[in-house]
Amino acid sequence: MSLYDMNSKTMRVGFIENGDAYKGVSMAAEGAPVDMAIIQIEGRYPSEGEWAVNHEVHEMVHVTRGFGSVAVRGAQMQELRAGDTVHVAPGQYFAWDGHMELAMACSPPFSPGQYEVVKEGNDEV
């Protein structure tokens, strides 16, 4: 497969694996204000009793295949099926569950330093 960006000679492709339930591939062009990933969810991510949070990044997520749900702390769980799109704002504590493929755009581009997984009951949650 070739990746080509008309405005950048540098493309970055990486593999993502956060446990057994969250795997995929990420794609980014140097200097672009957004990146993208294709993620496979098989089960709950993060684990039961944990929440993920992006402190700076917006995630726009489209379910391309399968079904599942997204839970946002303090809100009702949202069931998801192929064709559904979800926005996860910075500062929202969330968790994915199900058997689905997600197309995920992040802006600004995802950075591990602004992301964390916290346990339920942690004072920061």
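Residues are numbered from 1 along each chain as its sequence is written. In this predicted model, local features need pLDDT of at least 70 and side-chain atom pairs count only at pLDDT 80 or more, while totals for chains, interfaces and linings use all residues; side-chain values use heavy atoms, with hydrogens and water left out.

The protein chain contains 0 helices and 9 strands. Helices (H or I, at least four residues) and strands (E, at least two) are DSSP runs, numbered from the N terminus. Along the sequence the pattern reads β-β-β-β-β-β-β-β-β. Of the 125 residues in the protein chain, 39% are buried. Buried means under 20% relative accessible area, exposed means over 50%, and partly exposed lies in between (1.4 Å probe, protein chains only). The protein chain exposes about 7,400 Å². Carbon and sulfur atoms supply 52% of that area. Accessible areas come from the Shrake-Rupley method with a 1.4 Å probe; for residues, only the protein chains shown count as cover. Contacts were also sorted by sequence separation, a contact being heavy atoms within 4.5 Å. Among contacts between residues at least 6 apart in sequence, 63% join residues at least 24 apart.

Two strands pair if DSSP finds at least two bridges between them. Within β8, Ala-103 is the bridge partner of His-62. β3 and β8 also pair in the antiparallel sense, over 11 bridges. Here Tyr-45 stands opposite Trp-96 in β8. β4 and β8 are antiparallel as well, with 2 bridges. The bridge partner of Val-53 in β8 is Tyr-93, and that of Ala-52 is Phe-94. β8 is mostly covered, with 11 of its 15 residues buried.

Strand β4 covers residues 50-54. 5 of the 5 residues of β4 are buried, so the strand is largely enclosed by the rest of the structure. In a regular strand, side chains alternate between the two faces of the sheet. Both faces of β4 are covered. Glu-50, Ala-52 and Asn-54 lie on one side, Trp-51 and Val-53 on the other, and all are buried. β4 also pairs with strand β9 (residues 115-119), in the antiparallel sense over 5 bridges. Ala-52 stands opposite Val-117 in β9. Glu-50 is a charged member of β4 and has a relative accessible area of 16%, so this residue counts as buried. Not counting residues up to four places away in sequence, Glu-50 touches Arg-44, Ala-95, Val-117, Val-118, Lys-119 and Glu-120. Arg-44 also has an aromatic neighbour: its charged end sits over the ring of Trp-51, 5.8 Å from the ring centre. A charge sits over a ring if NZ of Lys or CZ of Arg is within 6 Å of the ring centre and within 35 degrees of the ring normal.

The largest nonpolar core has 22 residues. A nonpolar core is a set of buried Ala, Val, Leu, Ile, Met, Phe, Trp, Tyr and Cys residues joined through side-chain atoms within 4.5 Å. Trp-96, Leu-102 and Met-104 touch the most other members. The largest share, 6 residues, comes from β8. Leu-102 touches Ala-37, Ile-38, Ile-39, Ile-41, Val-61, His-62, Val-63, Thr-64 and Trp-96, not counting residues up to four places away in sequence. Another core, of 6 residues, lies apart and includes Val-53, Ala-71, Tyr-93 and Ala-95.

A search of the whole structure finds 3 aromatic pairs. Rings of Phe, Tyr and Trp (its six-membered ring) pair if their centres lie within 6.5 Å; planes under 30 degrees apart count as stacked, over 60 as edge-to-face and the rest as tilted. Tyr-22 and Tyr-45 have ring centres 4.6 Å apart and planes at 40°, so this pair is tilted. The pair links distant parts of the chain, with Tyr-22 in strand β2 (residues 22-29) and Tyr-45 in strand β3 (residues 35-45), 23 residues apart. Both tyrosines, Tyr-22 and Tyr-45, are buried. Phe-94 and Trp-96 form an edge-to-face pair, 5.9 Å centre to centre with 70° between the planes. Phe-94 is buried at 2% relative accessibility, and Trp-96 is buried with a relative accessible area of 1%.
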